[in-house]
Amino acid sequence: MEIEITGINIVKSLEIAQKIKDFTPIAELKAKLINKKEDNNVC
């Protein structure tokens with residue numbers, strides 16, 4: 001199966017990626033990981 005890369009496909013892909021990034025469980029996990037990393041870097 002071939003997918004033609006067009007401006008519309010790129011925009012749709014970016015919109016979907018943003019929705020996944022902003023999906024609450026993923027956003028919460030990202031925040032926890034960032035906070036944990038910051039806590040480990042504080043000495």
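1. Because the model is predicted, local features need pLDDT of at least 70 and side-chain atom pairs count only at pLDDT 80 or more, while totals for chains, interfaces and linings use all residues. Residues are numbered from 1 along each chain as its sequence is written, and side-chain values use heavy atoms, with hydrogens and water left out.

2. The chain holds two helices and zero strands (DSSP runs, H or I of at least four residues for helices and E of at least two for strands, numbered from the N terminus), and its C-alpha trace spans about 50 × 20 × 20 Å along the principal axes.

3. Of the 43 residues in the chain, 0% are buried (under 20% relative accessible area, with exposed meaning over 50% and partly exposed in between, for a 1.4 Å probe and protein chains only).

4. Helix α1 (residues 7-22) and helix α2 (residues 24-41) pack at an angle of about 65°, their axes lying 5 Å apart (axes are lines fitted to C-alpha atoms, for helices over the stretch in contact, and angles run from 0 to 180 degrees between N-to-C directions). Ile20, Lys21 and Asp22 of α1 meet Thr24, Ile26, Ala27 and Lys30 of α2 in this contact (heavy atoms within 4.5 Å).
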